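The sequence and the structure follow.

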Amino acid sequence: MKHVFTVRIGPAGFRVGSDWRAPIRALERLYAGYPAPEDNIPDFTVRLFAARPWRHWLRPSITLGGDFVLPEAAPLPLSQGVLAAEMAMNLQMAMGQRRYLLLHASAVEREGRAVLMTGLSGAGKSTLAALLAARGWRLMGDEFALIDPASGLVHAFPRLVSLKNRAIEVVRKALPEGRFGPLLAGTPKGDIQHLVPDSRSIARMGDPARPALLLFPRFGFDNAERGLGPSEVFVRLTQASTNYVALGERGFAAMTRLVREVAACAIDYPDADAAITHVERLWATL
Amino acid sequence: MAERLYRAASAETLLIEPLDEFTLIFHRASGLTHLVAAPAPEIIAALDRDQISAATLLERLGTRYELGDASDELLQARLDELVAIGLVAAL
């Protein structure tokens, strides 16, 4: 690969190789302030390469590569290079991560304890994490929460926060000083804009936290809260995990511990302010 | 025809975690997780490694639990399910 970028996000080191300079330059700009992989040896390698050799020059479009590939993934236009890199990095984590039980969840921390939020795409995981970070919580991640099977602690994965569609304006308003990437209009997931986590969240990305609250938010409904029993939480979390089966007995032990020890609640909310009220209220009852 | 005998998977191959009205069973041999409700965990515990018939199993369960409306047919249905998911062997 002609152009290379390396970065460490939480415990995971990445190496992104690209046929073009532009996506690498964008990643360098957005991930300025992040450390390099430990010993400079990445855990995961991602490749962004021209869909066809001539497409390097003519209407350039990016195909993703790495240890794991999605054969049906459509090439993305070069202008969406950061999105392509993010998708490829997520895929390597989702498929290749074996040290931690990986939950498709956002996480924020306060006083050593963490709130984990998981749900379907559009539930508001990333938006809520960004809004809580704007209110002083430490952002641990908007996509993956990493549970250490040995300790039960959650480790941070504070990659760029991926904001979609209406969430972009909501978060920009809450974080007028925030650092944002370029607006990527008309991607396969709609409009996307990345938010750079605040410097404190980046500096403390190596600090794990004790999971204290599991939330299952749903956006677009009247306000409601419903406590969830351990077996329902177990089913929901195994659905939200990309590597539960691959971890075998370690995954089972980590998951049962989580559902036994951590309070869980489903919350429905009509707008961002209502969601924040739910989270702060539930947090105060712990 | 000889009566069918049943035996549960050995205890070392099972991690059993009662949660609420459901119990989780991780089957080490297959790596599969099963979420089961009563009377599945009770049947596995009562069978243990013995090779016994469904009738003997029903008697044994009767000495341990208040069985209520339990019948041969209901027990057979639950046993068939446990055989199907590989936690009980039909011999």
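Predicted model: local features only at pLDDT ≥ 70, side-chain atom pairs only at ≥ 80, totals over all residues.

Chain B holds an open sheet of 3 strands in the order 2-3-4, with antiparallel pairing. Its edge strands are strand 2 (14-18) and strand 4 (32-37), each of which pairs on one side only. From one strand to the next, the twist averages 20°.

Strand 2 of chain B and strand 3 of chain B run antiparallel and are joined by 5 bridges. These two strands form a hairpin, with 3 residues between them. Within this pairing, B:Ile16 stands opposite B:Ile25 of strand 3. On the other pairing, strand 3 (residues 22-27) of chain B meets strand 4 of chain B in the antiparallel sense over 6 bridges. Here B:Phe22 has B:Ala37, in strand 4 of chain B, as its bridge partner. As a general point, side chains in a regular strand alternate between the two faces of the sheet.

## Helix packing in chain A

Helix 1 (residues 21-30) and helix 2 (residues 81-96) of chain A pack with their axes 8 Å apart, at an angle of about 75°. Because of that angle, helix 1 of chain A is roughly perpendicular to helix 2 of chain A, the class that covers 65 to 115 degrees.

Helix 1 of chain A contributes A:Ala22, A:Pro23, A:Ala26, A:Leu27 and A:Leu30 to the contact. From helix 2 of chain A come A:Gly81, A:Val82, A:Ala84 and A:Ala85. The residues of this contact divide into 8 nonpolar, 1 polar and no charged.

## A:Ala224 in its setting

A:Ala224 lies in strand 16 (residues 224-227) of chain A. Is this residue, A:Ala224, buried or exposed? A:Ala224 counts as exposed because it has 11 C-beta neighbours inside 10 Å, and the class of exposed residues extends to those with 12 or fewer.

The separation of A:Ala224 from A:Ile24 can be stated in two ways: the two residues are 200 residues apart in sequence, and 44 Å apart in space from C-alpha to C-alpha.

Technical notes
Residues numbered from 1 in each chain as written. Chains lettered and ligands numbered in written order. Pairing = 2+ DSSP bridges. Helix = DSSP H or I, 4+ residues; strand = E, 2+ residues; numbered from the N terminus. Axes fitted to C-alpha atoms, helices over the stretch in contact; angles between N-to-C directions. Buried ≥ 20, exposed ≤ 12 C-beta atoms within 10 Å, placed from the backbone. Parallel < 35°, antiparallel > 145°, perpendicular 65-115°, else oblique. Contact = placed C-beta atoms within 7 Å. Nonpolar A, V, L, I, M, F, W, Y, C, P; charged D, E, K, R; others polar.
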